[in-house]
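Here's a quick briefing to read with the model open beside you.

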Amino acid sequence: ASAASLADGSSAGGAADPSACDDKIEVRVLAEAADGEQATTVKMRLSMPFSRMMSAWCKQYELPEEEVSFELEGRKLQPTETPGGLGWSAE
């Protein structure tokens, strides 16, 4: 199974401003591959479920979604979670 970690360039603070839920952020996906680490930057809205990014990433690398896990700070990221729900902001 493959593993991908997320690193965001946004600040992780208190609750996201509900009026800012459509703000876009850049999410960096780091994947461990046989030939080393690969980084991909994905633009997402704060309100977009991670499942959309996960599906697009798997499709790009031609990997079955059920064989890939996405982690954030050592814990498995759930497809229904959103960047805004995790306290990320576009600032």
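What follows covers the helix, the hairpin, the core and the aromatic pairs.

This is a predicted model, so a few ground rules apply: local features need pLDDT of at least 70, side-chain atom pairs count only at pLDDT 80 or more, and totals for chains, interfaces and linings use all residues. Residues are numbered from 1 along each chain as its sequence is written, and side-chain values use heavy atoms, with hydrogens and water left out.

**Helix α1**

- Helix α1 spans residues 50-60, and its buried residues are Phe-50, Met-53, Met-54, Trp-57 and Cys-58. Buried here means under 20% relative accessible area, exposed means over 50%, and partly exposed is in between (1.4 Å probe, protein chains only).
- Helices (H or I, at least four residues) and strands (E, at least two) are DSSP runs, numbered from the N terminus.
- Looking down the axis of α1, the buried residues fall within an arc of 130 degrees, so they line one face of the helix; the arc is taken from the directions from the helix axis to the C-beta atoms.
- An α-helix has 3.6 residues a turn, so residues three or four places apart point the same way.
- On the face turned away from the buried side, α1 carries the exposed residues Arg-52, Lys-59 and Gln-60.
- After α1 comes Glu-62, with a positive phi near 55 degrees.

**The β2-β3 hairpin**

- Strands β2 (residues 24-33) and β3 (residues 36-45) run antiparallel and are joined by 10 bridges; two strands pair if DSSP finds at least two bridges between them.
- The two strands form a hairpin, with 2 residues between them.
- Among the bridge partners in β3, Thr-40 goes with Val-29 and Ala-39 with Leu-30.

**Thr-40**

- Thr-40 sits in strand β3 and counts as buried, at 11% relative accessibility.
- Its side chain makes a polar contact of 2.7 Å with that of Tyr-61. A polar contact is a pair of N or O atoms within 3.5 Å; within protein, one must be able to donate a hydrogen and the other to accept it, and residues adjacent in sequence count only if both atoms are side-chain atoms.
- Setting aside neighbours within four places in sequence, Thr-40 is in contact (heavy atoms within 4.5 Å) with Val-27, Arg-28, Val-29, Trp-57, Gln-60 and Tyr-61.

**Nonpolar core**

- The largest nonpolar core has 18 residues, and Met-44, Phe-50, Met-53, Trp-57, Phe-70 and Trp-88 touch the most other members. Such a core is a set of buried Ala, Val, Leu, Ile, Met, Phe, Trp, Tyr and Cys residues joined through side-chain atoms within 4.5 Å.
- The elements giving two or more residues to this core are β2, β3, α1 and β4 (68-72), and α1 gives the most, with 5 residues.

**Aromatic pairs**

- The whole structure has 3 aromatic pairs. Rings of Phe, Tyr and Trp (its six-membered ring) pair if their centres lie within 6.5 Å; planes under 30 degrees apart count as stacked, over 60 as edge-to-face and the rest as tilted.
- Phe-50 and Trp-88 pair edge-to-face, 5.7 Å centre to centre with 75 degrees between the planes. Phe-50 lies in helix α1 and Trp-88 in the segment after β5 (75-76), so this pair ties together parts that are 38 residues apart in sequence.
- Phe-50 is buried at a relative accessible area of 0%, and Trp-88 is buried at 3%.
- The ring centres of Trp-57 and Phe-70 are 5.6 Å apart and their planes are at 80 degrees, so that pair is edge-to-face. It links distant parts of the chain, with Trp-57 in helix α1 and Phe-70 in strand β4, 13 residues apart.
- Ring pairs also link Trp-57, Tyr-61 and Phe-70 into a cluster.
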